[in-house]
Amino acid sequence: RIEQRLEDRVPELEQLERVGLFTRKEIRAVLRKASALEYKIQRRALRKEDFINYIQYEVNLLELIKKRRARIGYPFKKDEIEHSILHRVHSLFNRATGKWKDDVQLWLSHVAFCKQWNAKHQLSKVFSTMLAIHSNKPALWIMAAKWEMETRLSSESARHLFLRALRFHPDCPKLYQEYFRMELMHAEKQRKEKKEFEQAKMDLGEFNYSEEILNGEMARIVYRDASQKIKGVEFQLAVLSIAKLFDFTQDLQKEILENLQTRYADDPLTWDYMARRELELGSLQPTEHTTKQKKVSEMAQREERCCAVFDEAVRAVPTEDMWKCYITFCLERYDRKTNSEELKQKRLERTLNVFSKAHESSLLLEALYKHWLQLLLDSNLSEKAVEVAEAATSHFSQSVEMWQMRLQVLIQLKRDDVTQCFEEAIKHVKSKGTLPLWTLWVEWSEGKKSKEDTEALYERSLHATTPAESVTMKEMYLDWTYRNGGYKKVKRLFTSLCENHPFSLDFFRKMIQIEKEQESCKMLHLREYYERALREFGSTNTDLWLDYIKEELSHPKGKPQNCGSIHWRAMKMLQGDLVEDFVSKYTLLQTGHL
């Protein structure tokens, strides 16, 4: 079989040599490589990688031929050369996808190859086979229909594919949206054709253009059918945004909008859309000769109209989500760049006003308080910021984020009641999750309070946080003590902290680093720290063992003879694949490559 396949290559290789695209030496290299790849895909136990490598080689060969043709300016004999290579790649893909049917990526690679080399007939076959196997994936149906519509210009085939897809996925919003789009594209295409025929004053007798189809009646049927099966505002809005792309769908847009307002009047997204629509409607006057001042006032009027709709919305649907939509709109408008200070100020006032109203209604989401505070601080309204932060913590007294935000505001404004606020926060919040508050407190204390107060605070934090969170506090405590108390004090602290589990690896590494920074770095102390660390992390960390061995080899007071026993202990203690990892790294260390 392999000899037969290699012989089938001979005519194309002879042509490549004869027309001067490849040399004799290159032809031999191609044959050698092809022979090796053929043997790999004729094994009993087939591997997907071998097929992929073979296909990739053939694709690279095609690209090389293309470049050589461009270089020497020889466009002939494509049937004898490229055609046979393309045929071979298609058969390789067919064998691979037949063997590994579930691999969608393999199918998509074949689709991409067909598109690249314009193999329309072959691609049609690939799509039909793929969809028969992977009928449970709507995205593949959409891709096939899109290709039929846009490349083959066959709206009939695309419609047929969408209808088949909807039999498998009757509740898929994306399929309905794309089917709706396809019908509108078909209507637009027919409108253009009819217009061109009319301009050319040709007889339309043989072409039957239905007025209903030209006005998007098919899309309307798709929409009505979809509306019965798919509930939710998101789908209605998606369909409406598609309809807006076509200029002949005013009636259809009106129907969707009416449907939206009658069926989903209580949904925040409906109100959000209706309000934002006021921005787009704008003025109907020509905008060529308008001055900057007029544009600003016009924009302000549009925004006022939007806010009027939002005000009505929060009265009709007083929910957190509705307020969120209103605030998001105000923040978006405020973030837009404008040269008009008056407009910017108006936007700021409006945004702050909406925040206040939402807060008064007790319908402001936790995440939005952060935006409000940031806005107040940026606008230098510090007193109001403190007031809002206090209100936020009283409303969400269990939220660590809210307390953290309030404390950051107080620290930023250098207020006197920071300590009091910290105490209040710790009292309200449960011990689990308080780590951000403690880290913020000790960092603030390091800069503002005496060493004794900070030390007492660190000690308190170790007892107040959960065991898992106390690990971070231990690292910070060790680092701060070394910076402020020196080596002897940090060594005493390390010994006392080692009595309470748990620990982190960084905790021990920090102490090892501190010891190394001393002028009289004692190997005895380093061994103690490594041994303590290995007791905790010896079974899960290979680098710790290697660092210990390196230390014994490189330290002036180290004992290289201990390396053997350390290696033996590591082999006993490490788990699973870590033993292999350790052996390979240890070998690199012995040969001087690590």
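L153 is exposed, with a relative accessible area of 55%. Here exposed means over 50% relative accessible area, buried means under 20%, and partly exposed lies in between (1.4 Å probe, protein chains only). The model is predicted, so local features need pLDDT of at least 70 and side-chain atom pairs count only at pLDDT 80 or more, while totals for chains, interfaces and linings use all residues. Residues are numbered from 1 along each chain as its sequence is written, and side-chain values use heavy atoms, with hydrogens and water left out.

L153 sits in the loop between helix 7 (138-150) and helix 8 (155-168). Helices (H or I, at least four residues) are DSSP runs, numbered from the N terminus. Phi of L153 is near 55 degrees, a positive value in a residue other than glycine. N118 also has a phi near 55 degrees, again positive in a residue other than glycine. Its setting is the loop between helix 5 (104-116) and helix 6 (120-133). N118 is exposed, at a relative accessible area of 54%.

Two buried residues come next. L364 lies in the loop between helix 17 (341-360) and helix 18 (366-378). L364 is buried, with a relative accessible area of 1%. Contact means heavy atoms within 4.5 Å. Residues up to four places away in sequence aside, L364 touches I327, F355, A358, H359, Y369, W372 and F396. L364 and H395 are 31 residues apart in sequence, and their C-alpha atoms are 9.8 Å apart in space. D272 belongs to helix 14 (residues 268-281). D272 counts as buried, at 13% relative accessibility. With neighbours within four places in sequence set aside, D272 is in contact with F310, M322 and C325.

Aromatic rings were examined across the model. A search of the whole structure finds 27 aromatic pairs. Rings of Phe, Tyr and Trp (its six-membered ring) pair if their centres lie within 6.5 Å; planes under 30 degrees apart count as stacked, over 60 as edge-to-face and the rest as tilted. Y74 and F76 form an edge-to-face pair, with 5.4 Å from centre to centre and 85 degrees between the planes. F76 counts as exposed, at 54% relative accessibility. F494 and F507 form a stacked pair, with 5.3 Å from centre to centre and 25 degrees between the planes. F494 lies in helix 24 (residues 467-497) and F507 in helix 25, so this pair ties together parts that are 13 residues apart in sequence. F494 is buried, with a relative accessible area of 0%. F507 is buried too, at 1%. Ring pairs link F494, F503, F507, F508, Y529 and F537 into a cluster.

The loop between helix 24 and helix 25 holds P502. A cis peptide bond joins H501 and P502, and omega is about -5 degrees.

Helix packing follows. Two packed helices are described by the angle between their axes and the distance between the axes. Axes are lines fitted to C-alpha atoms, for helices over the stretch in contact, and angles run from 0 to 180 degrees between N-to-C directions. Angles under 35 degrees count as roughly parallel, over 145 as roughly antiparallel, 65 to 115 as roughly perpendicular and the rest as oblique.

Helix 25 and helix 26 (residues 523-537) pack at an angle of about 170 degrees, and their axes are 10 Å apart. Helix 25 is therefore roughly antiparallel to helix 26. From helix 25, the residues L505, F508, M511, I512, E515 and K516 meet H525, L526, Y529, Y530, R532, A533, E536 and F537 in helix 26. The residues of this contact divide into nine nonpolar, one polar and four charged. Ala, Val, Leu, Ile, Met, Phe, Trp, Tyr, Cys and Pro count as nonpolar, Asp, Glu, Lys and Arg as charged, and the others, Gly among them, as polar.

Helix 25 (residues 505-517) also packs with helix 27 (residues 542-554), at an angle of about 15 degrees and with the axes 13 Å apart. Helix 25 is therefore roughly parallel to helix 27. Helix 25 passes helix 27 in a left-handed crossing. A crossing is left-handed if the near helix is turned anticlockwise from the far one by less than a right angle, and right-handed if clockwise. L505, R509 and K516 in helix 25 meet D543, L544, D547 and E551 in helix 27. The residues of this contact divide into two nonpolar, no polar and five charged.
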